[in-house]
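Dear colleague,

I would be glad if you could read the notes alongside the model.

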Amino acid sequence: MSEERESNRKMLGKLVVVAVMMFGFGYALIPVYRHLCEVLGINVLTQKDGTVAPPQNTQVDLSRSIVVELDSNVQGTLRFRPTERRVTVHPGEMKTVVYEVVNAQARPVTAQAIPSYAPQSATPHFKKVECFCFQQQTLQANEAKQMPVMFYLDPALPKEVKTITLSYTFIEIAGLDKTAAAGTSQGGTKVVQ
């Protein structure tokens, strides 16, 4: 029995030494890792030299300029328009445009924007990163919103395309009065819920 106890004590001592060594190794690993990364120049989050030029997007085709005309239509009671009528963009360049919508009604209104493009050959090359058209928009009574569209044009856009028209139709889908919800005509458009 005493041999067994002695063996257990030795084993416990060895396990304690191994645990302490593992803790020490883990504790020392962080500064060693940081030092190695700094020496090798990998995984460096900040540049020490303030003269380093920011990287350039090599996908931007500076030899071409495309005019993107911005258009807006509305079905319902909202006021909706782009804040600028046209922008010039190089294929591959990230661009942000802003549309403004105003709910002048004394009630909340929910609407959805539906995009369209002309010419149609540009449609697969118009890449939206962020757009208010991705989801329904609810505007409270007398609220105005500015809504961005962040996009780029695929450099594979056909060379003959020089102008693209981006048009949004903002369709009111909720918040209409009871007669409009029943299917009567409002603003020349029959509303179906």
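How many salt bridges does a search of the whole structure find? The search finds three, where a salt bridge is a side-chain nitrogen of Lys or Arg within 4 Å of a carboxyl oxygen of Asp or Glu. Please keep in mind that this is a predicted model, in which local features need pLDDT of at least 70 and side-chain atom pairs count only at pLDDT 80 or more, while totals for chains, interfaces and linings use all residues. Residues are numbered from 1 along each chain as its sequence is written, and side-chain values use heavy atoms, with hydrogens and water left out.

Arginine 86 pairs with glutamate 69, their closest N and O atoms being 2.7 Å apart. Because arginine 86 lies in strand E3 (residues 86–89) and glutamate 69 in strand E1 (residues 66–75), this pair ties together parts that are 17 residues apart in sequence; strands (E, at least two residues) are DSSP runs, numbered from the N terminus.

Glutamate 100 forms a salt bridge with arginine 81, with 3.0 Å between the closest N and O atoms, and the pair ties strand E4 (residues 95–102) to strand E2 (residues 79–82).

In the bridge between arginine 107 and glutamate 172, the closest N and O atoms are 3.6 Å apart. This pair links distant parts of the chain, 65 residues apart: arginine 107 is in the loop between E4 and strand E5 (109–118), and glutamate 172 is in strand E9 (residues 163–174). Glutamate 172 is buried, at 4% relative accessibility, whereas arginine 107 is partly exposed, at 21% (buried means under 20% relative accessible area, exposed over 50%, partly exposed in between, with a 1.4 Å probe and protein chains only).

Conventions
Helix = DSSP H or I, 4+ residues; strand = E, 2+ residues; numbered from the N terminus.
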